[in-house]
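Welcome! Please take a look at the sequence and the 3D structure below, and then read on for a short tour.

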Amino acid sequence: MKKFLSMLLVAVGLVSCGDDDKPYIPELNKLTSVTCTKNGNAFFNADITYDQDKQINRIILTTEGNQFTDNYIIVDKTISVSGVKMVDGSPTNPFVHTVYTLSGNMIAAKEEKAENEYINNAVYTQTESSYTYSSNWLKSVSKVIRHANKDGSYREIFVGEVDRYSWENGNVVYYAELPHKEITYEYDSQLRPANFPLRVVNSFQPVGFDMVSPINFMYGKMNQNLPIRAYWYYISGAADIRAEYTFRYTLTGDYITGMTIEENIKPDLETGDPAENNTYEYAFVYNFVAEQK
């Protein structure tokens, strides 16, 4: 018998209930765990929890022996993320390290904060990103960067547009980090399940948790299909591919329960870095809804 899969629009957990203008995630049910190995060894593990209002309230990410706990707090149209990092078994002082500003269902701006090394207990906005959409497709990102000075002042640098996304047939086919790098994605006819938060992110090594974080649903429209291949190169020399990635998926019913990414990094003649081949194996766990017989 088939599962009765709820198609409710459920809040990301990042906002309070009752306002139709507040952001929602379309999902069959919630992703609660992502585990990834690299060449058979632990790479990262993410546990995602939800509160009684079905909102995301915590993500615990363990990677390379470190554990990061992020708690999500909502005030009006902002999502504040307060984090604690475990170092040698001891927690660091928590502080709000990321603030998202929402416009409708989408992230319009993101502030990444840092502790001021010159002033005790001072936190400042180190990077501020602004997101531009076209018909809910994410098109570009612009940045402002700030540096703390010893005298307590800050130096601000307007970087301008740094990220650019190109879409074709409902999928991101190019991501460019201006002005030097570009990564190209290829797709076949396999559709992305509505509850699978795989997104093209601003990375040239697309193997981390940010690729499949539920926060991805907050960046406008998602890919229609699942990528099968990606490769990146320097924009000034498009023929010189620096790395290739191939994607395979395990589909169980309506759910992606596994993903394999093969990474082929080419040798770098300028730096002397050798070729490298890696295999990443992902497992996804969901909080399955009740079945109807």
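Y154 is found in strand 13, which covers residues 154-168. This is a predicted model. Because its relative accessibility is 36%, Y154 counts as partly exposed. Together with Y118 and I119, Y154 makes a nonpolar surface patch of about 260 Å².

## Strand 16 and its partners

Next comes strand 16, residues 225-234, which is mostly covered, with seven of its ten residues buried. Strand 15 (residues 181-191) runs antiparallel to strand 16, and eight bridges join the two. Strand 17 (residues 241-252) is also antiparallel to strand 16, joined to it by five bridges.

## Aromatic rings

How many aromatic pairs does a search of the whole structure find? There are 16 of them. One of these is formed by Y231 and Y233: the pair is tilted, with 6.0 Å centre to centre and 35° between the planes. Y231 is buried because its relative accessible area is 17%, under the 20% cut-off. Y233 is buried too, at 8% relative accessibility.

Elsewhere, ring pairs link F43, F44, F196, F209, Y280, Y282 and F284 into a cluster.

## Charges over rings

K181 lies over the face of W232, 5.1 Å from the ring centre. R199 has its charged end over the ring of Y219, at 4.1 Å from the centre of that ring.

Methods. Residues are numbered from 1 along each chain as its sequence is written. This is a predicted model: local features need pLDDT of at least 70, side-chain atom pairs count only at pLDDT 80 or more; totals for chains, interfaces and linings use all residues. Side-chain values use heavy atoms; hydrogens and water are left out. Patches are made of residues with over 30% relative accessible area and no salt bridge: like charges are joined within 9 Å, nonpolar side chains (Val, Leu, Ile, Met, Phe, Trp, Tyr) within 5 Å. Accessible areas come from the Shrake-Rupley method with a 1.4 Å probe; for residues, only the protein chains shown count as cover. A salt bridge is a side-chain nitrogen of Lys or Arg within 4 Å of a carboxyl oxygen of Asp or Glu. Helices (H or I, at least four residues) and strands (E, at least two) are DSSP runs, numbered from the N terminus. Buried means under 20% relative accessible area, exposed over 50%, partly exposed in between (1.4 Å probe, protein chains only). Two strands pair if DSSP finds at least two bridges between them. Rings of Phe, Tyr and Trp (its six-membered ring) pair if their centres lie within 6.5 Å; planes under 30 degrees apart count as stacked, over 60 as edge-to-face and the rest as tilted. A charge sits over a ring if NZ of Lys or CZ of Arg is within 6 Å of the ring centre and within 35 degrees of the ring normal.
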